[in-house]
Amino acid sequence: MFSSLIVIFPLLLTALPALSTPAPTSPCAAVHIIAARASTEPAGAGIIGALVQQIQNASRQTVSTSSVSYPATLTNYPSSSAAGTAATKTLLTNQANNCPDQKIVLVGYSQGAHIIGDAVAGGGGGLLGAQTSPVSATIANRVVAMIQMGDPRHVPFQSFDRGTSLRDGLYPRLSSQQYSSTLQSRTQSFCDFGDPFCDGGLLTTVHLTYLDRYQDDAAEFVLDRIGG
């Protein structure tokens, strides 16, 4: 089933416009958003960039942004997601060290949601290969808000879960890779019934349309967490 979706998913997703986000306005803005694009999207923030722009436009603070540079491929998903996790860890660590007073936000869609979660809680395991460690708790706790949409590592019944899914994703997060209590209160992970990647369903359209259903909710959550 999954191999057939590999053909369908890129064709649908690449048809959507990739939105660019403004460059940082200062070396250390009050808030910095790190965005991770979905599988098969071109370099940049991808469709999750629409959420980044909404937050930037609505916030009373200075908000800079960067995007994770990684393969974002489906055909070699384990190695792609591992590379994305490593890149996210480096980007997050450098940002936290370079701007020690800055509030950091992580947002990711599909494989992008996967890699930001692995960066702060550990990755790999099972079909994904060797397990990898997360960033240090000191760095992870610099993340004041995290938004995931269509995360293939989704596990149901978590306090931060949003949406209608009651099933595991394709690569459910291991018990040893759960978010800390600090991060759980700072996270919203959106997954709906029927999504082939986060819910094990058959409806690719569900996976592609989280922003249609939840963009405003996600933006409101982030704005509350960063203080407007």
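Modeller: Let us begin with one pair of residues in this predicted model: the bridge partner of Met-149 in strand 6 is Phe-190.

Colleague: Which residue of strand 4 is the bridge partner of Tyr-109?

Modeller: The general idea is that strands of a sheet pair through backbone hydrogen bonds, either parallel or antiparallel. Here the partner of Tyr-109 in strand 4 is Met-149, the residue that is also paired with Phe-190 in strand 6. Elsewhere along strand 4, Ala-145 stands opposite Val-105. Strand 3 and strand 4 pair over 6 bridges, in the parallel sense.

Colleague: In what order do the strands of the open sheet lie?

Modeller: The sheet has 6 strands in the order 2-1-3-4-6-5, and the pairing is parallel. Strand 2 and strand 5 stand at the edges with a single partner strand each, so one side of each has no neighbour in the sheet. Helix 2 packs on the sheet, where it touches strand 1, strand 2, strand 3 and strand 4, and its direction makes about 165° with that of strand 2.

Colleague: How many residues of strand 4 are buried?

Modeller: A residue is called buried when its relative accessible area is under 20%. In strand 4 this holds for 7 of the 7 residues, so the strand is largely enclosed by the rest of the structure.

Colleague: And how many residues of helix 4 are buried?

Modeller: Helix 4, residues 111-121, has 11 of its 11 residues buried, so this helix too is largely enclosed by the rest of the structure. Its buried residues include Gln-111, His-114 and Asp-118 as well as Ile-115 and Val-120. They pack against strand 1, helix 3, strand 3, helix 5, strand 4 and helix 6. After helix 4 comes Gly-122, with a positive phi near 100°.

Colleague: Which residues have the most contacts inside the largest nonpolar core?

Modeller: That core has 32 residues, and those with the most contacts inside it are Leu-51, Val-105, Val-107, Ile-147, Met-149 and Tyr-210. Strand 1, helix 2, strand 3, strand 4 and helix 8 each supply at least two of its residues, and the largest share, 9 residues, comes from helix 8. Apart from this core lies another, of 21 residues, among them Ala-121, Ile-139, Val-143 and Leu-183. To see the surroundings of one residue, take Ile-147: leaving out residues up to four places away in sequence, Ile-147 touches, among others, Leu-51, Val-107, Ile-116, Phe-190, Ala-218 and Phe-221.

Colleague: How far apart are the end C-alpha atoms of helix 8?

Modeller: The 17 residues of helix 8 should span 24 Å at 1.5 Å a residue, and the end C-alpha atoms are 22 Å apart, which agrees. Helix 8 does have a kink of about 35°, centred on Asp-216.

Colleague: Which residues of helix 8 are buried?

Modeller: An α-helix has 3.6 residues a turn, so residues three or four places apart point the same way. Among the buried residues of helix 8 are Tyr-210, Leu-211, Tyr-214, Gln-215, Ala-218 and Val-222. The buried residues of helix 8 pack against strand 1, helix 2, strand 3, strand 4, strand 6 and helix 7. Gly-227 follows helix 8, and its phi is positive, near 90°.

Colleague: Which residues is Leu-223 in contact with, leaving aside neighbours within four places in sequence?

Modeller: Leu-223 lies in helix 8 and counts as buried at 18% relative accessibility. Its contacts are Ile-55, Ala-58, Ser-59 and Gly-228. Leu-223 and Ser-59 are 164 residues apart in sequence, yet their C-alpha atoms are 6.7 Å apart in space.

Colleague: Is Ala-72 buried or exposed?

Modeller: Ala-72, in the loop between strand 2 and helix 3, is buried, with a relative accessible area of 1%. Its phi is positive, near 55°, although the residue is other than glycine. Phe-157 is not a glycine either, and has a positive phi of about 70°. Phe-157 lies in the loop between strand 4 and strand 5, and is exposed, with a relative accessible area of 66%.

Methods: Residues are numbered from 1 along each chain as its sequence is written. This is a predicted model: local features need pLDDT of at least 70, side-chain atom pairs count only at pLDDT 80 or more; totals for chains, interfaces and linings use all residues. Side-chain values use heavy atoms; hydrogens and water are left out. Buried means under 20% relative accessible area, exposed over 50%, partly exposed in between (1.4 Å probe, protein chains only). Helices (H or I, at least four residues) and strands (E, at least two) are DSSP runs, numbered from the N terminus. Contact means heavy atoms within 4.5 Å. A nonpolar core is a set of buried Ala, Val, Leu, Ile, Met, Phe, Trp, Tyr and Cys residues joined through side-chain atoms within 4.5 Å. Two strands pair if DSSP finds at least two bridges between them. The expected span of a helix is 1.5 Å times one less than its number of residues. The bend at a residue is the angle between axes fitted to the seven residues ending there and the seven starting there. Axes are lines fitted to C-alpha atoms, for helices over the stretch in contact, and angles run from 0 to 180 degrees between N-to-C directions.
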